[in-house]
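Welcome! Please keep the sequence and the 3D view side by side as you read. We will go through aromatic rings, cores and strands in turn.

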Amino acid sequence: MSERDSGNSGRVKAAAPRTKSSVQAPFGAFVRKPVERAEPKVKVEVAGQSRSGLDAAEMRAETAESWPSDAVEVGAVVDAYGLKGWVKVAAHADAGHGGDALLSAKRWWLLKGHERKSAPSLQAKTHSDSVVAQLGGVTDRDVALALRGTRIYISRSEFPALEADEFYWVDLLGLDVVNLAGVNLGKVADMIDNGAHSVLRIEYPDTDQNGKPVTGERLIPFVGVFVKTVDQAGKQITVDWEADY
């Protein structure tokens, strides 16, 4: 099992059922975690987007009703960049781990406190360990500075397409996990990076020594020796893992 590049927020590449146990899936998925690794300076133009013909080229106010139902938090504005209204963003994933959604999405959805806005992304690129971007309606440094602390969301439908055996972490959350014997081990509650590979954090109903209901937890490495199939349509992950491990 291996992965392509999330940022710390990104995508995981899962191998076929007969993947060799020595192959592992590195970190990557959309989770709230600061960028840890620097990316080279690579300018990325927004694919297929006409700069002069953007739909709704200015920032606009949004409501909970107009907010995309598939919005995923992918970063936060941490500062202004330069004097012309660009913003500096700490992405939750490096480019290639899912952070490239910030580079390619046509519209960013912005949340600060209870205030919701959206703006077209006119241009975005990686810069050191951050993403810098020019947003519609952000015309000078003062406006950009006012956006500090704004959480950035991207519609899941605008995430870059993945190969058949790759997965975004956000798509694994909530899936049922069963073992080869058909025993339900719980649901994926979170994904963890342990430095070597991704780990499924699974929660399941349990009882303590006094018989009181509690939430149990299992940690299963997201590597080919344990994870055999990921069926997103069926909302199920099959693992080679015993219930009493």
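## A tour of rings, cores and strands

Trp-67 is buried, because its relative accessible area is 12% and buried means under 20%. Keep in mind that what you see is a predicted model.

Which ring does Trp-67 pair with? Its partner is Tyr-153: the ring centres are 5.5 Å apart and the planes stand at 75°, so the pair is edge-to-face. The two residues come from distant parts of the chain, 86 residues apart, with Trp-67 in the loop between strand E3 (60-61) and E4, and Tyr-153 in strand E9. Tyr-153 is buried too, at 11% relative accessibility.

Trp-67 and Tyr-153 also belong to one aromatic cluster together with Trp-109. Over the ring of Trp-67 you can find the charged end of Arg-116, 4.8 Å from the ring centre.

The structure holds 6 aromatic pairs in total.

| Aromatic pair | Centre to centre | Angle between planes |
|---|---|---|
| Trp-67 and Tyr-153 | 5.5 Å | 75° |
| Phe-226 and Trp-241 | 5.1 Å | 85° |

Now look for the nonpolar cores. The largest one has 25 residues, and those with the most contacts inside it are Val-87, Val-89, Leu-102, Trp-108 and Ile-152. Several elements supply at least two residues each, including strand E5 (86-91), helix H1 (100-104), strand E6 (107-112) and strand E9 (151-155). Strand E4 gives the largest share of this core, with 4 residues.

Next comes an open sheet. In what order do its 6 strands lie? They follow the order E14-E13-E12-E11-E16-E15, with mixed pairing. E14 and E15 are the edge strands, and each pairs on one side only. Neighbouring strands of the sheet are turned by 35° against each other on average, direction ignored.

Strand E12 (residues 184-193) runs antiparallel to strand E13 (residues 198-207), and 6 bridges join them. Asp-193 stands opposite Ser-198 in E13. The hairpin of E12 and E13 has 4 residues between the strands, and there Gly-195 takes a positive phi near 95°.

E13 in turn pairs with strand E14 (residues 213-221), again in the antiparallel sense, over 9 bridges. Their hairpin has 5 residues between the strands, and in it Gly-211 takes a positive phi near 80°. Tyr-204 stands opposite Gly-216 in E14, and Arg-218 lies over the face of Tyr-204, at 3.9 Å from the ring centre.

E15 and E16 form an antiparallel pair with 4 bridges, and Val-230 has Ile-237 in E16 as its bridge partner.

Key:
Residues numbered from 1 in each chain as written. Predicted model: local features only at pLDDT ≥ 70, side-chain atom pairs only at ≥ 80, totals over all residues. Heavy atoms only, no water. Pairing = 2+ DSSP bridges. Core = buried A, V, L, I, M, F, W, Y, C linked by side-chain atoms within 4.5 Å. Buried < 20%, exposed > 50% of the residue type's maximum accessible area, 1.4 Å probe, protein only. Phe/Tyr/Trp six-rings, centres within 6.5 Å; stacked < 30°, edge-to-face > 60°. Lys NZ or Arg CZ within 6 Å of the ring centre and 35° of its normal. Axes fitted to C-alpha atoms, helices over the stretch in contact; angles between N-to-C directions.
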